[in-house]
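Student: I have a model open and want to learn to read its features. Where do I begin?

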Amino acid sequence: RWLLSKLAETYFKMQIPMEKHGMVPEESFAGSMSGCRLGVLPDKFYDRVEEGSILIKRARSFSFCTDGLVLDDDDTSERVDADVVVLATGFRGDQKLTDMFVSATFKQQIVAAPLYR
């Protein structure tokens, strides 16, 4: 089982440019399988990343502004224009999102779809 999962992990890393875009999971393929934490990509996802219509950004914290977001990471801030923001929070996203917002208005309006299903 270990060898098969390593082969599958290596195959996916070769076929999908996750490393180039900083999206390699921290957990091994076997760990993801055992925890039912496998992702599914939309068609031509990385093509859209390459053309710039999808931006992938990681940040420790963020805030919304008029035209998008401000990403805060350590001592730097970056403003990103955005029409749509997808918060990839993993499992129990509703709890993480509720804890993320300071505003009571936003906390009451959090609706998280079970995307893992």
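Tutor: We go from the overall fold to the salt bridges. Keep in mind that this model is predicted.

Student: What is the secondary structure of the protein chain?

Tutor: The protein chain has 5 helices and 3 strands. Along the sequence the pattern is α-α-α-β-β-β-α-α.

Student: How many of the residues count as buried?

Tutor: Of 117 residues, 16% are buried. The chain exposes about 9800 Å², with 54% supplied by carbon and sulfur atoms.

Student: Which residues form a nonpolar patch on the surface?

Tutor: Trp-2, Leu-3, Leu-4 and Leu-7 do, with about 500 Å² of accessible area together. Take Leu-4, which lies in helix 1. Leu-4 counts as exposed because its relative accessibility is 60%, and the cut-off is over 50%.

Student: How many salt bridges are in the whole structure?

Tutor: A search finds 5. A salt bridge needs a side-chain nitrogen of Lys or Arg within 4 Å of a carboxyl oxygen of Asp or Glu. Glu-9 pairs with Lys-6 at 3.8 Å. Glu-9 also pairs with Lys-13, at 3.3 Å. Lys-6 and Glu-9 are 3 residues apart in helix 1; Lys-13 and Glu-9 are 4 apart there. Glu-9 is buried, at 15% relative accessibility.

Student: Which parts does the salt bridge of Lys-20 and Glu-50 tie together?

Tutor: Lys-20 and Glu-50 meet at 2.8 Å, N to O. Lys-20 lies in the loop between helix 1 and helix 2, and Glu-50 in helix 3, so the pair ties together parts 30 residues apart in sequence. Lys-20 is exposed at 59%, while Glu-50 is partly exposed at 45%. By contrast, shared partners join Lys-6, Glu-9 and Lys-13 into one network.

Key. Residues are numbered from 1 along each chain as its sequence is written. This is a predicted model: local features need pLDDT of at least 70, side-chain atom pairs count only at pLDDT 80 or more; totals for chains, interfaces and linings use all residues. Side-chain values use heavy atoms; hydrogens and water are left out. Helices (H or I, at least four residues) and strands (E, at least two) are DSSP runs, numbered from the N terminus. Buried means under 20% relative accessible area, exposed over 50%, partly exposed in between (1.4 Å probe, protein chains only). Accessible areas come from the Shrake-Rupley method with a 1.4 Å probe; for residues, only the protein chains shown count as cover. Patches are made of residues with over 30% relative accessible area and no salt bridge: like charges are joined within 9 Å, nonpolar side chains (Val, Leu, Ile, Met, Phe, Trp, Tyr) within 5 Å.
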